[in-house]
Amino acid sequence: MAEDRIEKRIELRAPIARVWRAISDYREFGEWFRVALEGPFELDKTVRGRILHPGFEHVVWEAQIEAMEPERLFAFTWPVLANVDKAAYSADYTGLPRTRVEFRLEPTATGTLLTITESGFEKLPAELRGVVFPRNDGGWTQQMKNIESYVGTHA
Amino acid sequence: MRRRPTTEAVFAALGDATRLALVSRLADGQPASIAELTAGTRITRQAVTKHLRVLEGAGLVRGVRCGRENRFALDPRPLGDVQEYVGRVSQEWDSALSRLKAMVEE
């Protein structure tokens with residue numbers, strides 16, 4: 001079976017309010033995630049920043065915030081960024097497949113249970129699978145038309 | 001011996017709308033010529049050739065000689081490497097979460 005989803009559960013010996021702050025405050029998030037974010041997380045907004053991992057400082061971090069329920073749920077989508085090699089890197093993430101990341105918080109007797117899921121990895125192969133039998137030529141032509149401007153600026 | 005393309009090369013090749021579209025176009029298994037790949041679009045032969053080279057480098061496309069014509073066919077095998085990529089992302093989450101744990105528990 002294809003593994004198209006990541007799930008991590010971690011028990012933290014810290015109050016839920018503390019954990020929520022570490023996840024939802026962009027400065028604190030940036031500290032443990034190693035990214036210098038330009039501004040705070042806001043619902044339905046896109047947040048960008050610079051990756052702080054040595055060797056990857058040229059990579060733009062980007063996420064679209066999809067849920068912010070204090071002390072319960074924080075969620076965003078981000079593009080699948082495997083193309084981070086400096087020579088081939090492009091900061092234009094238009095059209096890239098995106099995965100969804102969710103942070104779920106639950107209070108426990110000793111602190112907080114944090115569950116992180118990242119889902120949507122099936123999108124890449126699925127996109128390809130979906131077009132194995134193209135419905136019609138119109139789809140392809142439209143697709144090529146849609147990307148003409150893209151090619152124009154990246155030739 | 002040909003080196004096996006890396007997951008990065010496969011993702012880099014697919015992380016581009018034009019190349020993803022080319023892969024889509026070839027996904028019916030029928031080899032296509034550059035003329036066929038550019039028909040009905042304003043994309044130049046040179047641009048398509050350049051993108052096909054990248055796909056070839058990632059092992060996703062190979063050239064096929066049909067008589068006097070060069071055609072290009074999709075080779076879907078490297079797509080299996082996506083699973084390896086998910087495994088690596090999973091490890092990155094482990095490291096990030098251990099840093100988060102250290103931060104909130106201090």
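Start by selecting residues 32-33 and 69-74 of chain B: these are strands S1 and S3, which run antiparallel and are joined by 2 bridges (strands are DSSP E runs of at least two residues, helices H or I runs of at least four, numbered from the N terminus; two strands pair if DSSP finds at least two bridges between them). Click Ala32(B) and you'll find Phe72(B) of S3(B) opposite. A quick note before moving on: this is a predicted model, where local features need pLDDT of at least 70, side-chain atom pairs count only at pLDDT 80 or more, and totals for chains, interfaces and linings use all residues. Residues are numbered from 1 along each chain as written, chains are lettered from A and ligands numbered from 1 in written order, and side-chain values use heavy atoms, leaving out hydrogens and water.

Next, the helices: select residues 17-26 (H2) and 45-57 (H4) of chain B, whose axes come within 10 Å and cross at roughly 80° (axes are lines fitted to C-alpha atoms over the stretch in contact, with angles from 0 to 180 degrees between N-to-C directions). Show side chains: Thr18(B), Arg19(B), Leu22(B) and Val23(B) of H2(B) meet H4(B) residues including His51(B) and Leu55(B) (contact means heavy atoms within 4.5 Å).

Last stop, chain A, with 5 helices and 7 strands.
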